[in-house]
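Subject: the model we talked about

Hi,

Here is the structure I promised to pass on.

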Amino acid sequence: MRSTRREPRSSAEFTFAVCGLTSSGRFFVELCSTVNISRSGCCLRLRTRPQADSALALRAVPGGSSLPEGTSQLLFQLAWLRPDDGGWLIGAFALGEADLSRLAFPSYTP
């Protein structure tokens, strides 16, 4: 299966607390890690199945990934999900100016 994404991806692994709605509409918070990141999105591994087409908030956790100065959370829109080893792989695209590639490559300029 070929990707149609035009921007580069990094397999950098970052840990975040993700907040969102479950497939049954209940609020959840879960620690998760990235599978890959890009300038406009990311792939995450979750145990909880999120609600289709929902928004997700990624927050920094103590001892985990830090967010850009002055940022408390990054917002993403769920694009796709698929079962993965007792959990879910999800693809999400950034809402706003979120750019996770700057966490992996601080000197990166698009």
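Ala 79 sits in strand 5, which covers residues 73-84; helices (H or I, at least four residues) and strands (E, at least two) are DSSP runs, numbered from the N terminus. Keep in mind that this is a predicted model, where local features need pLDDT of at least 70, side-chain atom pairs count only at pLDDT 80 or more, and totals for chains, interfaces and linings use all residues. Residues are numbered from 1 along each chain as its sequence is written, and side-chain values use heavy atoms, with hydrogens and water left out.

Back to Ala 79: its relative accessible area is 45%, so this residue counts as partly exposed. The cut-offs are under 20% relative accessible area for buried and over 50% for exposed, with partly exposed in between (1.4 Å probe, protein chains only). Leaving out neighbours within four places in sequence, Ala 79 is in contact with Gly 91, Ala 92 and Phe 93, where contact means heavy atoms within 4.5 Å. Its C-alpha atom is also 7.4 Å from that of Ile 90, a residue 11 places away along the chain.

Now for the strand pairing. Strand 5 and strand 6 run antiparallel and are paired over nine bridges; for two strands to pair, DSSP has to find at least two bridges between them. In that pairing, Arg 82 stands opposite Leu 89 of strand 6. Strand 6 (residues 87-95) also has an antiparallel partner in strand 3 (residues 41-46), with six bridges joining them. There, Gly 41 has Phe 93 of strand 6 as its bridge partner. Is strand 6 mostly covered or mostly open? Mostly covered: seven of its nine residues are buried.

Most residues other than glycine have a negative phi, and most peptide bonds are trans. Asp 85 has a positive phi of about 45 degrees although it is not a glycine. You will find Asp 85 in the loop between strand 5 and strand 6, a hairpin with two residues between the strands. Asp 85 counts as exposed because its relative accessible area is 81%. Asp 53 also has a positive phi, near 60 degrees, and is not a glycine. Asp 53 belongs to the loop between strand 3 and strand 4 (55-59), and with a relative accessible area of 60% it is exposed.

Phe 27 is in strand 2 (residues 27-37) and, at 59% relative accessibility, counts as exposed.

Finally, the whole chain. Of its 110 residues, 42% count as buried. The chain exposes about 6800 Å², with carbon and sulfur atoms supplying 49% of it; accessible areas come from the Shrake-Rupley method with a 1.4 Å probe, and for residues only the protein chains shown count as cover. Among contacts between residues at least 6 apart in sequence, 53% join residues at least 24 apart.

Cheers
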